[in-house]
Amino acid sequence: MKVAIAGLGYVGLPLARQFVSGGVHVIGLDVDQSKVDALKAGKTYIKHIPASEIVEMTASGRFEPTTDFSAIDAVDAVLICVPTPLSKHREPDLSYVIATAEEIAHHLSKGTLVTLESTTYPGTTDGELREAIEKCSDLIAGEDFHLAYSPEREDPGNATSVEAIPKLVGGLTEACRDRAVEVYGKAIDSIVPVANCRVAEAAKLTENIFRSVNIAMVNELLIGIYFFKGFYRGAGPAGFEGVQRGTRI
Ligand SMILES: NC(=O)c1ccc[n+]([C@@H]2O[C@H](COP(=O)([O-])OP(=O)(O)OC[C@H]3O[C@@H](n4cnc5c(N)ncnc54)[C@H](O)[C@@H]3O)[C@@H](O)[C@H]2O)c1
């Protein structure tokens with residue numbers, strides 16, 4: 001099996017490593033020539049991936065970093081891991097996803113699977129992404145190529161390795177979902193198929209919001225309990241004792 005991973009950043013590079021160690025041939029696509037050059041030279045630019053692992057990946061003969069999108073002509077799947085930042089008006093900016101979709105559409109073969117990994121709102125995969133690919137190719141999603149969403153769940157700071165984190169997969173059709181489960185099964189231990197792309201997109205956003213709210217709450221508690229002595233005294237004997245012992249949250 002051969003897959004292309006578009007976007008070799010914090011998400012795409014660890015995913016490439018997973019597929020390579022699963023015995024899959026990976027075309028690593030990025031528009032940033034300096035990243036491609038670094039990888040070819042066996043160098044790393046991501047803190048938790050040592051250079052030795054990049055060397056191992058390239059030495060396996062199964063990892064080809066490139067800026068040349070025509071390399072996807074002969075792949076079984078294209079996994080999109082490009083940025084989805086907020087615009088200056090705090091609106092989701094899909095320009096990287098659309099640019100990637102248009103680029104890959106020119107080289108997409110019938111039967112290929114395309115999945116989006118980037119964090120985004122429900123409706124992106126079967127909406128904007130699908131339209132961009134169909135507009136720039138003569139292929140129809142769900143008929144000529146498979147389309148799915150599978151959110152990246154990389155959790156910086158968490159010791160659990162990527163392959164052990166269960167991976168959600170939602171497809172445009174059942175056949176799209178089944179194909180995505182098959183492809184991801186080469187790299188990930190546990191795949192969780194869900195009803196469609198929108199369910200997987202919503203699940204990812206829910207997870208991110210849950211995490212953000214918890215981080216914000218703990219930060220507020222830190223200020224309230226640790227820094228403002230008046231507050232912790234009001235919190236009763238347990239809070240007072242905790243702070244006296246130097247408890248940190
Ligand atoms: N970093 C995390 O911990 C994390 C966790 C979960 C989800 N995500 C999501 O994953 C997505 C990617 O995040 P990231 O942290 O890997 O971003 P990143 O900025 O580290 O990497 C993105 C890469 O995509 C490349 N790129 C941009 N346009 C491209 C194009 N048209 N074709 C090919 N490559 C292109 C960039 O050069 C860069 O190397 C985002 O949607 C992010 O929200 C990130």
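Modeller: The crossing of H4 and H5 is right-handed. Please bear in mind that this is a predicted model.

Biologist: At what angle do H4 and H5 pack?

Modeller: The axes of H4 and H5 lie 8 Å apart. The contact is made on one side by Val 97, Ile 98, Ala 101, Glu 102 and Ala 105 of H4, and on the other by Glu 128, Leu 129, Ala 132 and Ile 133 of H5. The angle between H4 and H5 is about 30°.

Biologist: How many residues of the contact of H4 with H5 are nonpolar?

Modeller: Two residues of this contact are charged and none is polar. The nonpolar residues in the contact of H4 with H5 number seven.

Biologist: Which helix gives the largest share of the shell around the ligand?

Modeller: The ligand is surrounded by 25 residues, of which the closest are Gly 7, Gly 9, Tyr 10, Val 11 and Ser 118. The shell divides into 12 nonpolar, seven polar and six charged residues. Its largest share, four residues, comes from residues 95-105, that is, helix H4.

Biologist: Is Thr 120 buried or exposed?

Modeller: Thr 120 is placed in the loop between strand E5 (113-116) and helix H5 (125-135). A residue is buried if 20 or more other C-beta atoms lie within 10 Å of its own. Thr 120 has 21 C-beta neighbours inside 10 Å and therefore counts as buried.

Biologist: Which residues does Thr 120 touch, leaving aside those up to four places away in sequence?

Modeller: Leu 94 is 26 residues from Thr 120 along the chain, and their C-alpha atoms are separated by 8.4 Å. With residues up to four places away in sequence not counted, Thr 120 touches Thr 84, Pro 92 and Glu 201.

Biologist: What percentage of the residues in the protein is buried?

Modeller: The protein has nine helices and eight strands. Of its contacts with a separation of 6 or more, 68% are between residues 24 or more positions apart. Among the 249 residues in the protein, the buried share is 34%.

Key: Residues numbered from 1 in each chain as written. Predicted model: local features only at pLDDT ≥ 70, side-chain atom pairs only at ≥ 80, totals over all residues. Helix = DSSP H or I, 4+ residues; strand = E, 2+ residues; numbered from the N terminus. Buried ≥ 20, exposed ≤ 12 C-beta atoms within 10 Å, placed from the backbone. Contact = placed C-beta atoms within 7 Å. Near = placed C-beta within 6 Å. Nonpolar A, V, L, I, M, F, W, Y, C, P; charged D, E, K, R; others polar. Axes fitted to C-alpha atoms, helices over the stretch in contact; angles between N-to-C directions. Left-handed = near helix turned anticlockwise from the far one by under 90°.
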